[in-house]
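Look through the structure below with its two chains of text beside you.

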Amino acid sequence: MENIQMLLKQGAIGKPCEPIVKVGDKVKKGTLIATPTGLGANVHSSVYGVVEEITDDRIIIKPDDEQPEKFVKIKKGTNLEMIAEAGVIGQGGAGFPTAIKLNANLDKGYVLVNAAECEPGLEHNIRQIIGDPEGLVRGLKYLMEIAGADKGIIAIKKKNRTAIEALDAILKDEPSVERHLLPDIYPMGEERAVVRECLGIELEPDKLPSAANAVVVNSETVYSCLEAIENQKPLIDKNITVRGRIAGGNEAHVFENVPVGTSVASLIERAGGIEGEYGEIIFGGSFTGRAGTLDEPITKTTGAILVTVPFLDLHGAKTGLLVCACGGNLERMQDLLSKYNGTETKVCYCKQAQEQKNGTRKCERPGNCPGQVQNNLDFKKAGCEYVIMGNCSDCSNTVMASGPKMGLKVIHMTDHAMRAVGHALYRTLRVSKQADQDLNVVDNVEND
Amino acid sequence: MSITAETAKQHANDPAVLCCRVEAGTELTPANLEDPAIFPDLVDSGLLNLDGALKIGQVLNGTKITKTVDSLTAITADIVDKFDAIETDSPAEEVVAAEEAPVEAAPVAAAPVAGGYISLHIGEGKNIDIQIPTGVGVPAVAGAAPVVSAGAAPAAAPAVVEEEKVVRELTRKHYLIEEVKRGPETKIEGTTLYIREGIEAEALAHHSITTDLKIEVITPDNYHTYSEAVMDVQPIATKESDDDDLGEGVTRVLDGVVTMVTGTTEEGVQIGEFGSSEGFIDENMQWGRPGAVDKGEIIIKYQVTILNGKNMERPGPMDAHCTVDFVTQEIRNAMKKLEDEPREVQVLQQVRRPGKKKVVIVKEIMGQGAMHDNYLFPIEPVGTLGAKPNVDLGNVPVAASPLEVLDGCIHALTCIGPASKEMSRHYWREPLVLEALHDEEIDLCGVIFVGSPQANTEKFYVSRRLGQMVEMLDVDGAFVTTEGFGNNHVDFVTHIENIGKRGIPVVGFSFCAVQGALVVGNKYCDAMVDLNKSMSGIENEVLECNCLCEEDAIRGIAMLKAKMAGEPILEAERKYNVNVKNNNLEIIEKATGRTVERVENEQSLPMSDKRREKYD
């Protein structure tokens with residue numbers, strides 16, 4: 001078994017943790033090995049073994065040959081204390097410490113479960129719900145109690161019929177919890193989009209869901225909280241979708257309870273290995289993920305590993321970048337552009353991609369396009385032959401309404417991943433942005 | 001892109017077009033609508049069809065879309081459930097400024113100038129105050145074509161306009177030169193100018209970067225002579241007395257002859273940046289422009305050679321100009337000794353007209369360094385001694401009297417972008433200064449020169465100083481002119497903004513047309529005069545072709561008068577259209593009864609190989 005690499009910073013936000021073990025220490029599954037120095041959460045060993053090396057950013061553990069199921073339990077406390085002790089962080093996005101988020105003291109508010117699994121091609125969240133729908137509802141009720149909410153809403157895309165039917169069977173006896181059906185468009189899983197869809201409140205980009213008297217928690221995170229409360233289990237393993245250019249086909253490989261710190265290479269190997277040439281390895285979804293390398297370990301926030309098809313070669317053609325808050329940031333778009341071998345000629349931002357104080361961008365009205373033709377005109381004026389866009393479903397549709405007519409060749413930043421997973425490319429929108437809450441009503445699915 | 005409620009209100013009478021896909025049943029809000037500002041581009045490129053489109057003001061009152069449609073669909077009656085009727089008494093559409101106005105805006109109606117008079121003061125031992133109707137003569141353009149000379153005063157009744165105040169006078173004494181020869185000493189005998197043989201070596205001895213100097217006398221029958229890039233055209237003039245400052249007292253000027261500075265580096269690189277005017281003079285000179293040679297004049301052509309690589313460094317062009325000025329200064333000294341009676345005496349007056357609309361002329365001059373520089377306020381007209389390069393002054397705004405401008409206070413190093421750069425002689429005969437000085441309806445308070453620095457931060461720096469200076473002048477209106485195009489347009493439009501945002505009406509002058517279209521703009525750039533004369537709207541490398549002429553000055557003044565009177569200026573057309581300019585001229589002629597002479601362009605010249613290959 002390969003060495004396990006526990007990163008001291010498991011999410012995108014917060015500060016690196018401080019190791020509390022030293023080289024040569026024997027650790028068990030669940031042994032606390034690093035604690036926060038600022039915003040952050042405990043890190044526990046995901047295996048039995050010996051600490052082999054400690055570097056600036058990680059603790060490397062050589063696992064024992066024998067790996068019993070049993071783990072070191074976290075100490076008992078209030079439910080909130082146990083979630084903190086277990087090192088639970090949000091598993092759908094940047095990895096914000098869940099205990100801090102739940103300490104919201106809502107006044108008859110809402111806990112919204114984000115089960116949108118919005119990034120195309122991912123399946124581990126919905127499979128987990130199908131496997132244990134009752135656990136999701138039980139976990140949600142713990143969280144409502146902690147946060148002071150009297151209402152829970154599970155937001156899930158309408159296309160996931162099996163999971164919805166399983167939930168509906170339970171929810172008919174749960175007056176405080178309901179489900180909200182989302183249309184199958186990107187970015188329904190954006191935190192503020194979930195708030196808008198469920199509660200009808202459009203939050204400003206700099207506002208948190210608390211402004212709508214709500215907290216939003218990813219479905220997998222709910223299960224981690226449940227494990228911490230009921231089984232005193234720290235967050236040491238993770239469900240992962242591995243998909244793309246994998247030998248044997250592009251169906252999703254969902255691995256459950258993968259020890260945090262496992263290398264990407266070993267997971268791809270478990271799935272069947274890479275098939276032939278590939279473009280890049282994406283950590284997370286194709287919109288918001290980043291390119292990674294095979295020797296990197298998974299963290300508490302890694303949801304997916306996508307092996308993409310090789311990049312088209314643009315042979316240095318003049319290319320515009322349309323950067324949106326819903327997709328890659330400028331750095332990621334430039335990374336893609338260099339892989340496409342295009343020449344950066346013009347950068348435009350979606351009008352709604354507002355720059356925040358921390359330098360990131362957030363969409364003013366996620367999923368509702370503000371118009372894109374001005375950007376296309378600017379690309380055209382700059383002499384672009386290609387445009388690489390990172391837009392949501394609705395905005396991509398708008399780009400397509402004028403771009404090709406102007407002679408711009410449009411590429412979506414997810415194309416190489418979508419081709420690899422067998423998902424339709426993001427171009428023209430053919431489904432409605434409205435989902436009827438009756439599961440049996442078929443929504444308008446085609447442009448006129 | 002989607003618009004705000006405020007924008008929707010402003011554009012209530014513009015067509016309503018969806019910016020994005022809208023599903024059936026959606027109630028329209030401004031967020032669903034595309035910004036009308038970009039419709040023309042979209043219609044031009046065939047992306048948008050506005051046939052039958054309802055107006056924005058008709059569809060924001062609860063109107064719902066009845067059919068799912070995609071972006072850039074014009075909202076028509078057949079895809080909505082209801083819409084409001086058009087208000088019959090809706091206010092007239094506000095005239096909105098073209099943000100980028102590469103073409104000039106047309107005045108709806110030029111303020112009438114009919115009945116205006118030009119006041120000229122002509123003196124030859126005796127002083128006569130006369131007035132001539134503007135329809136009869138045109139303002140005095142000195143040098144080859146003085147409009148009014150003492151011997152031919154028009155028969156107009158003398159009259160004095162009471163409120164006018166003559167601030168100062170400048171007397172120009174004209175001496176005709178009919179022949180230029182080389183000789184043992186530099187002197188003027190009758191109408192012959194002699195230039196000392198061997199003066200070249202002496203000039204070179206004083207200058208280290210210039211390695212060679214050739215003097216060639218080009219007579220009108222030899223205009224088909226090859227010349228390297230023309231770096232400057234200069235009048236040959238001197239102050240009569242050492243006590244006289246520029247812009248006052250007496251200046252002596254030679255008629256019938258001009259200085260022309262040309263040159264290359266040792267390896268033959270033209271001293272120019274964006275195009276150069278090398279070639280046969282008769283094919284590359286737009287005769288008769290304020291800054292050019294007039295047909296019939298003798299050209300003293302100086303061909304300098306400078307060290308390799310120095311053409312794009314400040315000392316290179318400076319040294320070339322100083323070397324030539326060494327020779328010119330010897331001619332000036334000879335002129336001071338002249339005891340002949342001048343052939344003509346012309347008195348230029350700086351007149352202030354209290355009570356009339358007070359205006360200022362801002363002239364942006366190049367200040368990026370190398371040949372993009374100007375010597376300001378030399379001791380002699382268009383000299384170099386005593387002058388300060390505006391680059392060394394930090395390009396900050398500098399005040400000048402109109403008479404200083406007309407007395408050669410600018411020695412221009414601008415030897416590039418031949419068609420659109422103002423040569424030294426341009427300032428000597430600056431048409432806007434002359435026209436504004438003589439316009440009885442306005443009170444020209446002065447001229448401000450502001451350099452155009454290289455870096456944007458410096459551009460904004462000088463522009464803010466300019467805005468403050470113009471604010472302090474308490475003017476009712478301002479002109480901003482520029483030469484060249486491209487980089488300098490950044491500060492040009494910023495000057496307009498800094499003046500405009502202080503509530504002062506402002507009119508801009510620039511070569512834009514096709515090649516020099518403004519790359520930046522702001523809402524104050526709504527009254528622009530395009531200086532293009534070329535057939536194709538380009539920098540055609542024909543010397544002075546696209547520079548400010550009298551016809552441009554007349555249009556600009558009419559435009560500023562209209563603006564100061566609160567009359568709307570029509571929005572500029574999106575693409576350069578020469579007819580806008582022609583229409584403006586016709587409106588002015590109709591309103592004033594004055595015939596405006598249209599200048600010729602490069603089509604009047606023999607076709608050069610360069611033009612045939614590169615341009616026309």
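In chain B, strand β5 and strand β6 (residues 192-196) run antiparallel and are joined by three bridges. Two strands count as paired if DSSP finds at least two bridges between them. One bridge links B:Glu189 with B:Thr192 in β6(B).

This is a predicted model, in which local features need pLDDT of at least 70 and side-chain atom pairs count only at pLDDT 80 or more, while totals for chains, interfaces and linings use all residues. Residues are numbered from 1 along each chain as its sequence is written, and chains are lettered from A and ligands numbered from 1 in the order in which they are written.

The pair belongs to an open sheet of three strands in chain B, with the order β4-β6-β5 and mixed pairing. β4 (179-183) and β5 (187-189) of chain B are at the edges with a single partner strand each, so one side of each has no neighbour in the sheet. From one strand to the next, the twist averages 25°. Helix α5 (residues 315-336) of chain B lies across β5 and β6 of chain B and runs at about 135° to β6(B). Such angles run from 0 to 180 degrees between N-to-C directions, and axes are lines fitted to C-alpha atoms, for helices over the stretch in contact.

Now turn to chain A. Strand β8 (residues 109-115) of chain A pairs with β9(A) in the parallel sense over seven bridges, and A:Asn114 stands opposite A:Ala155 in β9(A). β9(A) is also joined by six bridges to strand β10 (residues 177-182) of chain A, again in parallel. Strand β9 (residues 149-157) of chain A is largely enclosed by the rest of the structure, because seven of its nine residues are buried (20 or more other C-beta atoms within 10 Å of a residue's own, with C-beta atoms placed from the backbone).

Where does helix α3 (residues 124-131) of chain A meet helix α5 (residues 161-171) of chain A? Their axes come within 9 Å and cross at roughly 35°. The contact is made by A:Ile126, A:Ile129 and A:Ile130 of α3(A) with A:Thr162, A:Ala163 and A:Ala166 of α5(A); residues are in contact if their C-beta atoms, placed from the backbone, lie within 7 Å.

Finally, between the chains, 21 residues of chain A are in contact with 18 residues of chain B. On the chain A side, α11(A) gives the largest share, five residues.

Terms used:
Two residues are in contact if their C-beta atoms, placed from the backbone, lie within 7 Å. Helices (H or I, at least four residues) and strands (E, at least two) are DSSP runs, numbered from the N terminus. A residue is buried if 20 or more other C-beta atoms lie within 10 Å of its own, exposed if 12 or fewer, and partly exposed in between; C-beta atoms are placed from the backbone.
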